[in-house]
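Visitor: Could you walk me through this structure, one feature at a time?

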Amino acid sequence: MVKNSYKELALYGGTPLLSKDLPLYNTIGEEEKEAVMRVLDSGELSGFVASAGENFYGGREVKNLERNFSKFFDIPYAVSSNSATSSLHSAILALGVSPGDNVIVPPYTMSASATCVLFAGGIPVFCDIDDEIFCINPKSVESLINKSTKGIVAVNLFGHPAKLNELRKIADKHKIFLLEDNSQAPGAKINKKNAGTFGDIGVFSFNRHKTMQSGEGGMAICRDKKVALKLQLIRNHGEVVISDLGLTSKADLSNTVGLNFRMTEMEAAVANCQLKKLDSLNEKRIQLANYLTKAINEIPGLQPPKVFKNYKHVYYFYPIKINEEEIGITRDKFAEAMQAEGFNLRPGYVKPIYMEPLYQKKICFGKNGFPFSLNKNVSYKKGICPVVEKLQSSELLITNIVYPPLTSGHMQIFIDALMKVIKNKDYLGNAK
Ligand SMILES: Cc1ncc(COP(=O)(O)O)c(C=O)c1O
């Protein structure tokens, strides 16, 4: 191999350090196969019926999953659904969002964390994030609260909990709700308390890419019995059972128009097996992430993810901050060179959500701007969240490689690739 020449870089035709594709994330084993076969053999692939009675709440596997989930997360109620998106929609409705209400959300997240607000006629108000843990910034939250504010959505991004104790206090002080989108952080904690249990509702995802996977699937957990019942009504055509349940007041009826967000018995059976593995899956992620962090700490210009004292990070993603001046390569060129070496290292995460046409043009339902038209003072102009914009434009790199079955051997090749790219920085153009 040619050394100390631009030709060494895979970007310019050199041999990539990673010679074959990384194994895909796959945590499905014999237990899941047996569980699915048990369901198939039973012939009952879904236990739900949309009329009052035991089956309104799902089948055996669904109820079993919900029981196990609430026990695992030490919280009274767990209501499953067919995705975290569905659980977020249900949560926003169950927490009483009405047309025209403002809900404060971070713009650096998966789009459903904000679109769930729109479906209830609410208006997302985007709030800047903390530049160390990338989650919603409590100080910015407080500066945005006004008489139209109904609640806060906190996303525990990349596996690190948001500053949930502070957010809880703010929500209580202003008598607004706190909804946690915990899709990326199942098993994360603050002082041994589970992320997902600080909010009035905490939402989880079991989609194919998540730590716990069942193909598709979601869960909403809460402490309030009435909120749990609303979640169940929204999940399964609530309007047709509400009178049978004796729920006739305005408050009971409000926001219970139901959908079909029901989880199948097969998904629940798989999720049940995955829940048993959650702690060990997280431990593997943490070990791999710690390997990377130890090495990246020694590389000037790169900053591994911060973990706050007494917080448990579960590393759905591994974010790295880059100082372009110090390292002498632009973030985008760095990512390109790493990708050529065989690694999925992305420049940034997602465009700040408010930059999407949905918010820039304020066209959502119909053509007249509903629900944005209900509160024209909410701005989605570029510049409203400078921390997010800077991270996305030049400061953040993220990779997903901290998943089992990858090993410390893979992590070392990733580090070797970082070093190889840095060593060849003169061939990659200077930073701005
Ligand atoms: C933060 C966050 N919220 C919500 C979702 C939506 O999850 P689901 O695919 O289960 O609807 C995701 C999935 O990528 C996510 O990362």
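Predicted model: local features only at pLDDT ≥ 70, side-chain atom pairs only at ≥ 80, totals over all residues.

Visitor: How are helix H1 and helix H9 oriented relative to each other?
Guide: Happy to start there. H1 covers residues 30–42 and H9 covers residues 265–296, and their axes come within 9 Å and cross at roughly 150°. Angles over 145 degrees count as roughly antiparallel. Therefore H1 is, relative to H9, roughly antiparallel.

Visitor: How do the residues of the contact of H1 with H9 divide into nonpolar, polar and charged?
Guide: On the H1 side, the contact is made by Glu31, Glu32, Ala35, Val36, Arg38 and Val39, and on the H9 side by Glu265, Met266, Ala269, Val270, Asn272 and Cys273. Sorted by class, these contact residues come to 7 nonpolar, 1 polar and 4 charged.

Visitor: What is the handedness of the crossing of H3 and H4?
Guide: Let me first point out who meets whom. Ala84, Thr85, Leu88, His89 and Ile92 of H3 face Ala112, Ser113, Cys116, Val117 and Phe119 of H4. The residues of this contact divide into 7 nonpolar, 3 polar and no charged. As for the hand of the crossing of H3 and H4, it is right-handed.

Visitor: Which elements do the buried residues of helix H13 pack against?
Guide: H13 spans residues 386–395, and its buried residues are Val388, Glu389, Leu391 and Glu395. Two glutamates are in that list, Glu389 and Glu395. Their partners, together with those of the other buried residues of H13, are strand E12 (318–322), helix H11 (331–340) and strand E14 (396–399).

Visitor: What separates the C-alpha atoms of Lys351 and Leu391?
Guide: Lys351 sits in the loop between strand E13 (345–347) and H12, and Leu391 is one of the buried residues of H13. Lys351 itself is partly exposed, because 15 other C-beta atoms lie within 10 Å. Not counting residues up to four places away in sequence, Lys351 touches Glu356 and Gln392. Lys351 and Leu391 are 40 residues apart in sequence, and their C-alpha to C-alpha separation is 10.0 Å.

Visitor: Is Lys189 buried, exposed or partly exposed?
Guide: Lys189 lies in strand E6 (residues 189–190). Leaving out neighbours within four places in sequence, Lys189 is in contact with Asn194, Ala195 and Lys312. A buried residue needs 20 or more other C-beta atoms within 10 Å, and an exposed one has 12 or fewer. Lys189 has 17 C-beta neighbours inside 10 Å, so the class of Lys189 is partly exposed.

Visitor: Where is Tyr315, and is Tyr315 buried or exposed?
Guide: Most residues other than glycine have a negative phi. Tyr315 has a positive phi of about 50° although it is not a glycine, and its place is the loop between strand E11 (311–312) and E12. With 29 other C-beta atoms within 10 Å, Tyr315 counts as buried.

Visitor: Where is Lys362, whose phi is also given as positive?
Guide: Lys362 is not a glycine, and its phi is near 50°. Since 17 other C-beta atoms lie within 10 Å, Lys362 is partly exposed. Its place is in the loop between H12 and H13.

Visitor: Which loop holds Pro405?
Guide: Most peptide bonds are trans. The bond from Phe370 to Pro371 is cis, with omega near 5°, and Pro371 lies in the loop between helix H12 (357–360) and H13. The bond from Pro404 to Pro405 is cis as well, with omega near 15°. Pro405 itself lies in the loop between E14 and helix H14 (408–423).

How values were computed:
Residues numbered from 1 in each chain as written. Axes fitted to C-alpha atoms, helices over the stretch in contact; angles between N-to-C directions. Helix = DSSP H or I, 4+ residues; strand = E, 2+ residues; numbered from the N terminus. Parallel < 35°, antiparallel > 145°, perpendicular 65-115°, else oblique. Contact = placed C-beta atoms within 7 Å. Nonpolar A, V, L, I, M, F, W, Y, C, P; charged D, E, K, R; others polar. Left-handed = near helix turned anticlockwise from the far one by under 90°.
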